[in-house]
Structure formats: structure tokens, C-alpha cells
Amino acid sequence: MLTLLVLLPLGAVAVMGLRAENLAVLGGPDVLEAAVNSVASAAGSAALATGFGALLAIVLERSNVPGRTALRWVFLLPFLIPPFIGAMAWMALLAPGGPVNLFLQGATGSSGPVVRVFGGWGVVFLLAVHSYPMAYLVIAAALKRVPGSLEEAARIGGACQTKSLLHVTLPLLRPGLLAAFVLTFVANLSDFGIPALIGLPERYTTLTTLIYRYLASGTIGNPLPAVAAIGVVLLLLALVTVLLQRRLPSGSELETGSPATLPLELGRFRSAAAAGLWLAALAICVLPLLALASQALLPAPGVPLTWENITLTNVANAVTSRGAAAGIANSVLLAGGAALICGVLGLAVGALLVRTRHRSNTALDVTAMLPQALPGLVIAVAWLLIAPALGIFNTPWVILGAYVMAFLAIVVQSVRAPLQSVPAALEEAARISGASPVRALADVAGRLAAPAALTGAVVVLLTAVRELTISILLVAPGTQTLGVVIFNLQQAGDYNSASALALLVTLVGVAGLSLAAGLTGARRLPNTTATSKRT
């Protein structure tokens with residue numbers, strides 16, 4: 001099954017992309033410019049995200065700042081929102097007629113917009129905003145593994161808490177910092193929504209938006225060979241990342257000591273730190289959503305936000321329109337089918353990886369996890385290449401196959417921990433009672449891990465129903481999804497309807513993913529929702 005879902009599509013990309021005549025495309029000026037922009041924006045945003053994530057991890061996990069629980073939830077909001085919807089929210093906030101520019105124009109006397117979000121710096125900033133929660137979660141998990149005995153020894157030796165932090169804690173966090181940087185770099189390198197909405201208006205092109213332009217605009221006669229060559233580069237980067245993640249120090253060698261127990265005392269700066277964190281959380285996480293909501297509740301762009309002007313007409317029209325209704329139905333059907341298949345297949349793959357010892361397990365693990373590091377556009381191109389041979393071109397089946405390939409890793413990672421906690425004695429007892437190895441595996445480990453697989457399937461459902469990157473390239477007449485509907489409305493200039501649909505998707509997604517994260521446990525959130533970056 002994984003051969004059909006993963007190896008066959010990626011093999012088609014590799015075979016076509018590695019042809020000499022197609023590799024020549026990589027030397028073109030458009031590709032080189034897009035590659036430089038991609039690496040620059042991904043590296044810059046990953047550095048910002050890792051630095052800010054490390055600061056949040058230290059302050060929220062180790063200090064005595066008040067309101068840490070509420071602050072954690074607010075700062076994690078961008079992680080639960082699709083990046084293209086986040087870009088729409090920031091566009092509403094920083095638009096020429098948006099609240100920020102209106103305020104700054106009044107304060108400075110300027111006749112034009114003071115702040116612009118479009119262009120390269122806007123892409124870097126928004127990629128960092130939507131990836132710092134991933135960095136925070138990875139670094140926070142590493143921070144909890146730092147032995148308290150080492151810090152206590154430094155304090156006993158006369159070091160103040162600042163020196164203990166700089167000379168003991170931070171050096172031990174280097175593996176976590178490196179892992180956070182690598183994860184955010186690859187996720188940002190493969191993002192499509194933010195560069196498309198923020199970069200393209202200023203002709204700032206990345207590899208993902210260049211692929212979209214080749215396929216959607218018809219600028220070249222036969223785009224698939226050129227796109228496949230670019231896809232090979234991104235595929236190699238993803239493979240290197242997966243292998244690097246497997247070799248990165250996990251921090252388990254530090255678990256010989258007790259967990260850190262010495263909090264960072266902020267003293268008289270405690271209230272000031274809390275106020276600064278709340279201001280940052282409101283500016284980064286809340287104000288853009290409020291701007292998106294105001295645009296959804298106003299009858300037209302530029303209309304003042306007053307009680308008299310607030311209306312639910314945009315929301316009603318957006319939900320009841322023929323295109324939106326079809327997009328919602330298609331998204332729910334495709335996401336539900338992907339969730340069901342991923343739940344069953346992911347449980348089977350997880351059980352084989354954790355409960356069996358076979359020399360092919362490493363290959364099975366890499367095959368199942370590799371699509372998680374792939375750009376959605378590469379997955380879409382892979383299925384475009386094999387769809388005609390399978391007889392599913394321009395049908396919903398090609399989108400379903402791409403969804404399963406993209407999101408299978410979510411369920412596999414969800415069931416790992418429950419399966420690892422199942423005692424081997426239970427399966428041995430089933431074998432003694434006459435059960436076959438497969439029956440013992442299914443009846444014991446499978447049943448005990450089924451709730452985790454169900455939770456992972458729910459995450460797949462909530463992630464796939466908001467997906468954009470894959471759908472926008474595989475969409476055919478009658479298969480438009482919700483993400484494509486929102487993106488097309490935004491591109492067509494119908495900002496109010498696009499904002500209304502985006503607001504509903506955001507509210508449902510945040511509520512659903514928050515519930516799913518609560519069921520799985522916050523410590524596994526990075527593994528189960530990392531794929532949402534590509535949406």
C-alpha cells in the first residue's frame with residue numbers, strides 16, 4: 001500500500017525530474033532567483049522562529065511569570081491556523097486602509113500607508129509568526145530533559161541564575177535548538193500560502209510559487225518536466241531532513257538527572273515581563289484575527305467599523321453560495337475519506353514499526369514519514385504524473401490519494417507512544433492462548449492503540465478539510481475544495497466573502513485541533529500537527 005501511495009508518486013517525480021534535459025531548467029534565471037528567495041526567506045524566518053521560540057520556552061516553562069497557562073494557549077494560536085488564512089488576517093490588519101495604517105497615518109500625518117506587509121520582508125515575518133510555535137514546542141520538550149542537578153551544582157558553585165542559564169542550560173539545549181531550526185526551515189521552505197499572497201504582489205517568487213505559476217498560468221508549454229526537476233531538489237532536501245532528524249541527539253543521554261526544579265525568579269521584573277508577553281501575544285496572535293473578523297463582518301472594504309455597519313450578510317452569503325457549498329461538501333468528503341484511510345493504515349504501520357523487529361522497518365519508517373517533510377506542491381505534482389496512468393486524472397480520487405500520502409504520518413506518530421507502552425507480556429499471553437502473531441498484534445496492541453489512531457484521524461480530518469496547497473493544483477471541475485474557494489475569492493478581490501469563510505474555518509479548526517491536542521497530550525502536538533504547515 002505504501003508503495004502505491006508514496007514510492008510510486010515520488011518515483012515518477014524522480015524519473016522525470018532527473019532527465020538531463022529537465023535538469024537544465026534548474027540553471028534558468030527564474031529558478032535561481034526563486035531558489036535564492038526560498039532559502040533566504042526560510043533561513044531568516046527559521047532563525048527568527050527559533051530565537052523567539054527559545055525565549056518563550058525559557059520564560060513560559062522555567063520562570064515564575066504569572067498567567068503562563070493562558071499565555072501558552074494564546075501564543076500557540078498561529079500553529080492552529082493555516083498559513084494562507086494567517087496571511088489574509090495580516091493583510092486585513094496592515095492593508096492601506098487597515099486599522100494599523102489608519103492609526104499611524106493619524107499619528108504621523110502621512111498621506112499614504114506607513115507599513116506594508118507585501119514583499120520579501122513580509123514573507124519572512126509571517127513565516128516566522130506561523131513557525132515559532134513549532135520551535136517553542138520542540139525547545140520546551142528539550143528544556144524539560146535538562147537535569148536539575150546540573151543547574152543546582154552551578155548554583156552551589158556560586159553562579160547566579162543568569163550564568164547558570166547561559167553556561168549550563170543553553171549549551172544543553174543545542175540539540176533542541178538545532179532540531180527546531182531544521183524543522184522550521186524545511187516547513188517554511190515548502191510553504192505556499194504566505195509567499196503566494198504576500199510575495200507575489202511584489203514579484204517575490206519562491207520555488208513553491210514558481211511551481212504554481214508554471215502549472216497554473218501556462219507560461220511554458222509543458223510545465224510538468226520543469227516542475228518535476230524542481231520537485232527533485234525539494235525531495236532531496238526533504239530526504240536529507242528526515243535522515244538528519246533521525247540522527248539528531250534526542251537528549252535522552254541527559255535523562256540520568258532529575259528534571260529541572262529551580263525556577264527563574266524574575267523578581268521586580270515579573271509584572272513587566274507578563275505585561276510585555278501579553279502585549280506581544282495580542283499583537284502577533286489576536287489583532288490579525290480581529291482584523292480578519294472585522295473584514296468579514298463589514299459590508300465592503302474601507303467601511304468604518306461601527307455597530308451600525310456590522311452585518312452577518314457576508315457570512316451568510318459565503319456559506320450559502322453555490323461555490324462555497326460545493327467546496328465545503330467536497331472538503332468534508334475528501335478529508336473524511338483521508339481520515340478513515342489514514343486511521344486504519346497508520347495504525348497498521350505503527351504497529352509493525354513498534355511491535356515487530358524486521359530489517360525492513362527502517363525503510364518502512366522513512367517511507368511513511370518522508371511525505372511529512374515534503375512540500376504539498378511536490379506531492380501534488382507527483383500525483384499529477386501518475387494520475388493518467390491510474391485512470392484517476394481530473395477526479396476526486398487523485399486528491400484523496402494525495403491527502404492520504406501527505407497526512408498518513410500524523411496517525412503513525414500518534415500511535416507510537418501508546419504502542420510502545422503496551423507490555424509485550426500481553427501479546428505473549430495471547431500467543432499462549434492460541435492466537436496467531438497477527439491476531440495477537442491486532443487484538444492486543446491494535447485495540448489498545450485504537451483511541452490514539454482515532455485521535456490522529458480527527459487531526460487528519462481537521463487538517464485536510466482546510467488544505468490548500470495540494471488541492472489548488474489537483475482541482476478539477478466539480479472537485480473544488482474549501483481552501484481553493486477561499487483562495488480564489490481572495491485573488492478575485494472579494495475580500496469580505498473570503499474573510500467570512502476563512503473566519504469560520506479558523507474558529508472550527510482552532511476548536512477542533514485544541515480538543516484533539518488535549519486528547520493526545522500537548523507534548524505530542526509537534527508530531528501530530530507539523531503537517532498543517534503545508535496547508
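Analyst: Happy to. The second largest pocket holds about 540 Å³ of space, and keep in mind that this is a predicted model.

User: Which residues are closest to the centre of the second largest pocket?

Analyst: The lining is made up of 23 residues. Helix H5 (83-94), helix H6 (99-108) and helix H14 (270-297) each give two or more residues to it. The ones closest to the centre are Ala92, Ala95, Gly97, Gly98 and Gln295.

User: Where does the kink in H14 lie?

Analyst: H14 has 28 residues and spans 38 Å from first to last C-alpha, close to the expected 40 Å. There's still a kink of about 40° in this helix, shortly before the proline Pro288. The kink lies at Val286.

User: Is Ser294 buried or exposed?

Analyst: Ser294 sits in helix H14. Its relative accessible area is 17%, and the cut-off for buried is under 20%. So Ser294 counts as buried.

User: Which backbone oxygen does the side chain of Ser294 reach?

Analyst: Ser294 is one of the buried residues in H14, a list that also includes Ala291 and Gln295. Its side chain comes to 2.7 Å from a backbone oxygen, and the cut-off for a polar contact is within 3.5 Å. The oxygen belongs to Ala291.

Methods: Residues numbered from 1 in each chain as written. Predicted model: local features only at pLDDT ≥ 70, side-chain atom pairs only at ≥ 80, totals over all residues. Heavy atoms only, no water. 1 Å grid on protein atoms, 1.4 Å probe; cavity = no way out; pocket = protein on both sides within 12 Å on 5 of 7 lines; lining within 4 Å. Points joined across faces, edges and corners; volume = space filled by probe spheres on them. Helix = DSSP H or I, 4+ residues; strand = E, 2+ residues; numbered from the N terminus. Expected span 1.5 Å × (residues − 1). Bend = angle between axes of the 7 residues up to and from the residue. Buried < 20%, exposed > 50% of the residue type's maximum accessible area, 1.4 Å probe, protein only. Polar contact = N/O pair within 3.5 Å; in protein donor to acceptor, adjacent residues only side chain to side chain.
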